Amino acid sequence: MEGYLSYKRFALIFLLLATAATSVQGQGTSVGFYSRTCPRAESIVRSIVQTHFRSNPSIAPGLLRMHFHDCFVQGCDASILIAGPSTERTALPNLNLRGYEVIDDAKTQLEAECPGVVSCADILALATRDAVVLTNGLSWQVPTGRKDGRVSLASETTALPGFTESIEAQTKKFTDKGLNAQDLVTLVGGHTIGTTACQFFSYRLYNFTTTGSGADPSIDLAFVSQLRTLCPENGDGTRRIGLDNGSPNRFDTSFFTNLRNGRGILESDQKLWTDASTKAFVQRFMGVRGLQALNFNVEFGRSMVKMSNIGLKGNDGEIRKVCSAIN
C-alpha cells in the first residue's frame, strides 16, 4: 500500500510539473497543437534542422538568436522573417542573423504535407529547440498554435537589448515582456553557442580607459592580449569570435565560468557578473557552494517557453504561405 501511495504522489508531482511546463500566456498555445491537423509537423521541422546542421552547425546559434530577436519585437510572430525594405531583418542588430533557409525549407515541406496549417512562428520556435538539442542542450516541450504577424518594422528593433546596455536597461526590456532577472541571465546564457564580430566588442580593448592597459578593466588582462591578437586595432571588424571562450559550439555552463573569470566577450554579457542584481544567478548556474544551485538546461527550457509565448492574442495574425512574405 505504501508503495502504491508513493507511486501516486510521484505521478501527481509529475503531472503538476508537466502542467506548469505547458501553461502559457498570450495566444492560447498548447503542446501538441498540431497533433490532429498536421501530426508530422514537429518531426518534419526536426529533420530539416538536422540536415542543415550536419552541413553547417552555425545554424544552431543562428536560429536561437533569430527566435530571440523575433520575440522581442512585436512578440513571437515571425515578423523577423518578412523580407523587404525597412523590415526587421534589415535593422542593424539583425543583419548577421542566419538560418532563414532552414525555416523556408521546413515551410515548403509543411505546406506540401499540411497546406495552410503550420505557422512560420511555430516553425521558428520548434527549429530553435531542435537546434539547441543538436549542440548538447536538453530538449523541452514547445507550445504551438501561434499566428504569423503582418507587420515588420526596422524602427521597432529598439526593443532589443543592446550590447553596451546596463543591467538596469536590459532588465527593463525583459520586464516589459513579462520576463524577470533570472530569465535575463538564463536567456543571455544562450551565448554559450555562437559567435560575434570584432566590431561589437573591440572598443573594449583599446582606449576604453585612460589608465592602465587602456582596456575595459572588467576583462582579464591575459584575455585582453588574446583578443587584441584576434581583433587588432583598425583591423577587420567583421571577423567572427566565439562568444563562449573554449566551447562555442557546445551548449553548457562554461559561458558563466567565463564571466566569473573576466572573459565575457560582449560588455552586456560581462555585466551579468559585475552587477549585483544578476551575479547571484550566474553563481547559481555555476553551482557555487552556499547558494541554491540552478540547472541551466532545465531553466533555459522554462525561460524559452515563457519568451516564446510573447505575442499575438486570440485570432490575430495569419498562417503565411511563404514565411518571407505576408499573404
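Predicted model: local features only at pLDDT ≥ 70, side-chain atom pairs only at ≥ 80, totals over all residues.

**Stop one: the largest pocket**

Residues are numbered from 1 along each chain as its sequence is written, and side-chain values use heavy atoms, with hydrogens and water left out.

Two or more lining residues come from each of helix H3 (59–71), helix H6 (167–175), helix H7 (181–188), strand E1 (195–197), helix H10 (267–274) and helix H12 (296–308). Helices (H or I, at least four residues) and strands (E, at least two) are DSSP runs, numbered from the N terminus. Which element gives the most to the lining? That's H3, with six residues.

The volume of the largest pocket is about 1000 Å³, taken as the space filled by probe spheres set on the grid points, which are joined across faces, edges and corners. Colour the lining by residue type and you get 24 nonpolar, 16 polar and six charged residues. Here Ala, Val, Leu, Ile, Met, Phe, Trp, Tyr, Cys and Pro count as nonpolar, Asp, Glu, Lys and Arg as charged, and the others, Gly among them, as polar.

**Stop two: zoom out**

Switch to cartoon for the whole protein. You'll find 12 helices and two strands, in the order α-α-α-α-α-α-α-β-α-β-α-α-α-α along the sequence. The radius of gyration is 21 Å, close to the 20 Å that the globule rule gives for 327 residues, so the protein is as compact as a globular protein of that length. That radius is taken over C-alpha atoms, and the rule is 2.2 Å times the number of residues to the power 0.38. Along the principal axes, the C-alpha trace spans about 65 × 65 × 35 Å.

Of the 327 residues, 49% are buried, where buried means under 20% relative accessible area, exposed over 50%, and partly exposed in between (1.4 Å probe, protein chains only).

**Stop three: H7**

Seven of its eight residues are buried, so H7 is largely enclosed by the rest of the structure. The buried ones are Gln-182, Asp-183, Leu-184, Val-185, Thr-186, Leu-187 and Val-188. Show what covers them and you'll see, among others, H3, H6, helix H9 (254–260), H10, helix H11 (276–286) and H12.

**Stop four: two positive phi values**

Most residues other than glycine have a negative phi. Select Gln-74, in the loop between H3 and helix H4 (100–113), and check its phi: near 65°. Gln-74 is partly exposed, at 41% relative accessibility. Ala-78 lies in the loop between H3 and H4 too, with a phi near 65°. Is Ala-78 buried or exposed? It is buried, with a relative accessible area of 0%.

**Stop five: into H5**

From Ala-78, step across to Cys-120, which it touches. Cys-120 sits in helix H5 (residues 120–134) and is buried at 0% relative accessibility. Beyond four places in sequence, its contacts (heavy atoms within 4.5 Å) are Ala-78, Leu-81, Lys-107, Asp-148, Arg-320, Val-322 and Cys-323.

Leaving out residues up to four places away in sequence, Asp-122 touches Tyr-34, Pro-143, Thr-144, Gly-145 and Arg-146.

**Last stop: Gly-214**

Finish in the loop between E1 and helix H8 (221–230), where you'll find Gly-214. Gly-214 is buried, at 9% relative accessible area. Show its contacts beyond four places in sequence: Leu-205, Tyr-206, Asn-207, Phe-208, Thr-209 and Arg-228.

Methods:
1 Å grid on protein atoms, 1.4 Å probe; cavity = no way out; pocket = protein on both sides within 12 Å on 5 of 7 lines; lining within 4 Å.
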